[in-house]
Amino acid sequence: MNWQIHLPALVLAVPLLGAFASPVAGLGGRATRNAWMIFISVLTTAVCIMLWQKVIAGGTAVYVMGAEAWNITLPSGLSWPVRIILEVDAFSAFMAVVGSIAALAGAFFSLRFMDRFTGLEKFSALYFLLVTGMLGMQLTGDLFNFFVFLEIASVASFGLIAFWRDRPEAVEASFKYMIISTISAMFILIAVGFFYGRYNAVNIAAVARMLQMGYAEKIALVFLVVSLAMKCGAVPMHMWTPDAYAEAPAGVTCLLVAVSQASLYGLFRVCFSLYGASLGSTVVPWTIIVMGVLSMFIGVTMAVIQKEIKRLMAYHSVSQIGYILMALGVGLLALRDPQAMADYGFTAMKGGIFHIINYTMYKGLLFLTAGAVFYSAGSRNLNELGGLARVMPQTTFMFVIAAAAIAGLPPFNGFVSKLLIYQSTFAVYPLLAVAALVTSVLTLASFVKVFQTAFLGPAKKTYENVTEVPASMLLGMSLLTIVIIALTLFPGWTLSHLVEPAAKALVDQAGYISAVMGGGL
Amino acid sequence: MLDKVYSGFGYWDVFIWLLFFAISAALVLFVRSMGRNDYKEGTDQDEIFYGSNPVPEDGADMGVPAASAYWGFVEALKPYYNALIDIHSGIASDYVGYFVLTVAIVAVLVLL
């Protein structure tokens with residue numbers, strides 16, 4: 001039997017094994033624990049890439065957990081699925097690859113960065129649980145299962161944000177995130193309950209086939225959209241992000257960026273694959289677009305006034321999420337109109353999905369460079385830092401690459417995705433493109449401020465003994481830098497092989513449903 | 001692999017930009033090579049001009065701190081920033097309030 005049919009399950013099993021075996025690996029000492037962390041991270045990334053290749057070559061992969069045969073979604077005599085089904089289309093596989101690369105970079109970086117902490121076997125266990133939760137959210141075809149993986153990711157992230165538990169700020173950040181996250185999870189659970197009550201099913205494809213818009217479906221839609229928008233840090237529910245991103249260890253923040261994308265994935269899976277054309281009015285697409293514009297502008301203006309490097313970058317995360325929300329909101333707006341989809345909708349979706357990979361890579365790298373500065377200089381305060389380019393040249397180089405990419409400076413990858421977003425959103429409403437352009441200018445301004453205050457300027461006596469970070473941390477940052485440069489040099493390949501298949505899978509609701517429910521739609 | 005990216009409204013070609021940067025860099029280096037070459041390191045010629053004041057020994061006494069960056073921008077938008085900072089209260093119950101309020105507003109819009 002071809003073992004590759006089990007790839008969807010392996011993508012979840014590998015990090016889960018990594019999590020549960022971490023305490024055992026920790027018994028072997030630091031070297032064994034570190035080797036285990038890298039081995040599992042590399043293996044997870046490799047399995048995700050193989051799954052992506054399989055999906056691109058053979059179409060949507062379906063995997064039935066616990067069934068006699070992996071591919072029988074509808075047991076005999078039943079017209080709807082009863083088991084947990086993993087459904088991996090090109091969009092899911094794309095997200096899994098992006099997330100696993102960020103997790104690998106974070107793992108490399110954490111090897112030495114976490115040396116100052118104790119209880120590292122718990123750290124690696126929580127880290128891999130977070131990876132499992134993130135990948136589970138992206139691969140599952142089941143709404144209740146999505147909620148379970150969301151909770152796994154949330155609980156792991158509470159522990160990781162508060163991992164530096166002798167810092168009151170870290171515990172406070174985790175506590176705030178726990179409250180808002182738990183309440184939003186309850187809303188998601190209620191929404192899933194609505195579907196189960198109405199359709200006796202929680203499989204996304206099964207519910208999507210039967211879905212008819214009524215009050216219960218509308219309320220479920222609102223609960224899902226707003227809760228998942230909160231989880232990815234959209235304004236006005238973004239307040240947890242600066243606290244959580246700033247207080248988590250840098251390697252974890254890199255992973256949290258990817259995890260926020262899993263929530264974004266859930267949001268668009270619900271809108272495109274679960275509801276699709278049933279959405280009816282344009283209220284939800286415009287709500288997402290407005291959230292996107294507010295996130296872009298409020299996120300970046302709050303970033304400009306920050307004096308703490310990781311908080312500044314966290315506000316930029318809010319701003320970048322805004323671009324993606326706006327672009328995919330425009331795609332959703334054009335969903336029912338083939339002409340609009342051809343004219344600007346599909347371009348907006350390509351821009352938004354391209355921005356997902358760009359954002360995860362350069363934002364992950366920026367957080368790692370901020371962690372490197374903190375590791376070497378012992379401060380995150382921009383008022384205190386200065387002249388670090390002399391003593392940390394490699395970190396400075398990688399910071400400049402990431403900062404130029406996030407600011408959308410040509411020829412970097414951030415420019416390409418933003419160009420697609422500017423041009424397509426202009427066709428809908430020119431002010432959307434203007435807001436995106438202004439945000440880009442302010443992004444550049446705030447990263448010029450970070451570069452000038454932390455890296456440039458005369459050498460400061462306080463930092464005369466500062467040295468470059470260890471090789472494993474540089475390796476974590478280099479991995480993301482290489483991906484950014486590759487995305488910059490080969491945007492055509494990226495669009496045709498990674499982004500377009502993902503965008504096509506997202507708009508193909510009938511294909512998503514038929515992979516589980518068979519034909520006869 | 002090295003093709004252009006067509007947006008439907010125009011196109012993007014990274015290699016044209018790289019060529020542009022290469023030509024620009026060559027021009028800059030050419031202009032730089034035309035400069036004077038009788039500069040003497042370690043003499044008064046390379047002393048920092050610091051507004052006719054003695055140059056501080058520690059770099060920490062020079063430069064513009066982050067708190068002062070974009071002072072004019074922030075001052076001009078003070079009412080906006082005051083409102084925005086008030087919203088970011090750091091109180092967990094406020095966070096929950098904004099979330100519930102957003103759910104309520106979107107629910108009204110969708111249900112109407």
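Visitor: How many helices and strands does chain A have?

Guide: Helices (H or I, at least four residues) and strands (E, at least two) are DSSP runs, numbered from the N terminus. In chain A there are 19 helices and 2 strands. This is a predicted model, in which local features need pLDDT of at least 70, side-chain atom pairs count only at pLDDT 80 or more, and totals for chains, interfaces and linings use all residues. Residues are numbered from 1 along each chain as its sequence is written, while chains are lettered from A and ligands numbered from 1 in the order in which they are written.

Visitor: What does the radius of gyration say about chain A?

Guide: The radius is taken over C-alpha atoms, and the globule rule is 2.2 Å times the number of residues to the power 0.38. For 521 residues a compact globule would have a radius of gyration near 24 Å, and the 22 Å of chain A agrees with this. The C-alpha trace of chain A spans about 75 × 60 × 40 Å along its principal axes.

Visitor: How is burial read, and what percentage of the residues of chain A count as buried?

Guide: A residue is buried if 20 or more other C-beta atoms lie within 10 Å of its own, exposed if 12 or fewer, and partly exposed in between; C-beta atoms are placed from the backbone. By that count, 65% of the 521 residues of chain A are buried. One case is A:Phe146, in helix α5 (residues 143–161) of chain A. A:Phe146 is buried, with 26 other C-beta atoms within 10 Å.

Visitor: Which residues are in contact with A:Phe146, leaving aside its neighbours within four places in sequence?

Guide: Two residues are in contact if their C-beta atoms, placed from the backbone, lie within 7 Å. With those neighbours left aside, A:Phe146 is in contact with A:Met137, A:Thr140 and A:Gly266.

Visitor: Which domains does the assignment give for chain A?

Guide: Domain bounds come from an automatic or database domain assignment. For chain A it gives domain 1 (1–277) and domain 2 (281–489). Their C-alpha centres lie 23 Å apart. The contact between them takes 38 residues from domain 1 of chain A and 39 residues from domain 2 of chain A.

Visitor: Which pattern does chain B follow along the sequence?

Guide: Chain B reads β-β-α-α-α-α. Its radius of gyration is 27 Å, well over the 13 Å that the globule rule gives for 112 residues, so chain B is more spread out than a compact globule. Buried residues make up 10% of the 112 residues in chain B.

Visitor: How many residues does the contact take from chain A and from chain B?

Guide: It takes 55 residues from chain A and 39 residues from chain B. On the side of chain B that touches chain A, α4(B) gives the most, with 12 residues.
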